[in-house]
Amino acid sequence: MGNLYLKNVVTDAGVRDVLIMDGLFTEILPAGTDVSGRADGMPVLDASGKRIVPSFVNMHTHSAMTMMRGVGEDMSLGNWLDKVWRMEKHLNPDFIYYGTRLACLEMIKTGTAFFNDQYWMIDSAMRAVADSGMRAHLTYVMLDQFDRNAAARQRDECEASFAASTAWPEKIRFGISVHGVYTVSEENIVWAGEFASRHDLKLHVHLSETEKENADCISRTGMTPVAYLDSLGFLGENVIAAHSLWLTDKDIDILARRGVTVVHNVNSNLKLSSGYRFLYNELRDAGVRVTLGTDGCASSNNLDMLESMKTMALVQKAWRGDPAAMPLDELMKIASAAGYEALGVPGGSIREGLSADFILVDTDSCPFIPDYNFYANLVYSANSSCVDTLVCGGDVLMSGRKVENERTVLDDCRKYLDKFIKNI
């Protein structure tokens, strides 16, 4: 975690100087305050004219699927999964490393400092994240397709991965993913919940993504996916449920009572025609924490949280017939602070004592003139090219839109893909 002296940055309260020590905001001061003796030896970043904003948290993605961008276009979720699973038979550690490294670069360039991942070979993913300097919550994925041998093997692998994670860098955390109620045996769902509870881990799961998933679960168990997981004792405050699109009133009540966090993945839901009536107001009013994710690049095609924020707001306004739906202050919290809360990291706001994870927005462009409402300009007028700088834990990962070694990352990915494609 780094130290940094940030000068002349524009905040919601005016122009400020900011001292960051050991990765935390330690002092936020009027610009020009004498910090002699406190900032000695710190790297200095002059942010004159730039606006500071908490960095985004991508709460649901499959990072290495950057390498599958565009492979399953114009397909339903079922057909898309068949296409992806055939390709995944050829995965290897290099694919995961280069794909995750590319994902990290893309997220840094678009303002994300922290992501919650669900994909394979997390030791390779961990190396890529560590090389990028980002924060990540990486999960071992349970997906046994109801095969008892596969289920037993995955339990052993999960235990070994967790043991190895004790040596991971500070910014990277370990968790468990249960892919979904339609791909994981009851035995492993229960085991994952108990293992996570025993070791104080987060659980990540695809939940009620499609109408078919709900119908099939009701046919098989007599319950919706939410009710089924609840009957197994799986749901709790450590659970992060991606999609959660096809919910009943009873489902929402269960999620609220159990303290489950929900992740909206609007672009993926729209592109795969999974649905568009995400029940944000109903979830919020019930007390459910709502966060935002992009999903993986094989379904959403990019990892751009600003794009997801705009789409979320527009779709909520449209299907509800209410232009006041999805206020900007709630949207900003969903994209940042709520994710930090869900993952147990003190961040997502520009306040003393919190993690120094933020972006600097370059407002010297058409979308920011006039400046009646900065956040409206950021979400509805601009795009992620306005993100000039990204800092994670006091470490500068991008400045002037330049990321260290980004050319090497791009070239290495292209070289690897040239070989990979020839062998599948």
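F95 is buried, with a relative accessible area of 0%; buried here denotes under 20% relative accessible area, exposed over 50%, and partly exposed the range in between, with a 1.4 Å probe and protein chains only. The model is predicted, and local features therefore require a pLDDT of at least 70 and side-chain atom pairs a pLDDT of 80 or more, whereas totals for chains, interfaces and linings use all residues. Residues are numbered from 1 along each chain as its sequence is written, and side-chain values rest on heavy atoms, with hydrogens and water left out.

Rings of Phe, Tyr and Trp (its six-membered ring) are taken as paired if their centres lie within 6.5 Å, with planes under 30 degrees apart termed stacked, over 60 edge-to-face and the rest tilted. The count by this rule is 14 aromatic pairs. One of them joins F95 and Y416, whose ring centres are 6.3 Å apart and whose planes stand at 75°, so the pair is edge-to-face. Helices (H or I, at least four residues) and strands (E, at least two) are DSSP runs numbered from the N terminus. Like F95, which is buried, Y416 counts as buried, at 7% relative accessibility. Both residues also belong to a cluster in which ring pairs link F95, Y97, Y98, Y416 and F420.

R51 lies over the face of F374, at 4.2 Å from the ring centre. For R220, which lies over the face of Y228, the corresponding value is 5.5 Å.

Antiparallel pairing is found between strand β2 (residues 14–21) and strand β3 (residues 24–30), which are joined over six bridges. Within this pairing, D17 stands opposite L29 in β3. The hairpin of β2 and β3 has two residues between the strands, and there D22 takes a positive phi near 50°.

Further backbone features occur in loops. Most residues other than glycine have a negative phi, and most peptide bonds are trans. D200, although not a glycine, has a positive phi of about 55°. It is located in the loop between α5 and β10 (203–207) and counts as exposed, at 73% relative accessibility. Phi is likewise positive at R401, near 65°; R401 lies in the loop between β16 (395–398) and α15 and is partly exposed, with a relative accessible area of 25%. A cis peptide bond with omega of about 0° joins I369 and P370, and P370 is placed in the loop between β14 (358–362) and α14 (374–381).

Helix packing was described by axes fitted as lines to C-alpha atoms, for helices over the stretch in contact, with angles from 0 to 180 degrees between N-to-C directions. Helix α4 (residues 148–165) and helix α5 (residues 186–199) pack at an angle of about 15°, with their axes 10 Å apart. That makes α4 roughly parallel to α5; angles under 35 degrees count as roughly parallel, over 145 as roughly antiparallel, 65 to 115 as roughly perpendicular and the rest as oblique. Their crossing is right-handed, a crossing being right-handed if the near helix is turned clockwise from the far one by less than a right angle, and left-handed if anticlockwise. Helix α11 (residues 305–320) and helix α12 (residues 328–335) pack at about 140°, with axes 11 Å apart. These two helices are therefore oblique to each other, and the crossing of α11 and α12 is right-handed.

A337 is found in helix α13 (residues 337–343) and is buried, with a relative accessible area of 14%. A337 and S349 are twelve residues apart in sequence, and their C-alpha atoms are 6.4 Å apart in space.

How values were computed:
Lys NZ or Arg CZ within 6 Å of the ring centre and 35° of its normal. Pairing = 2+ DSSP bridges.
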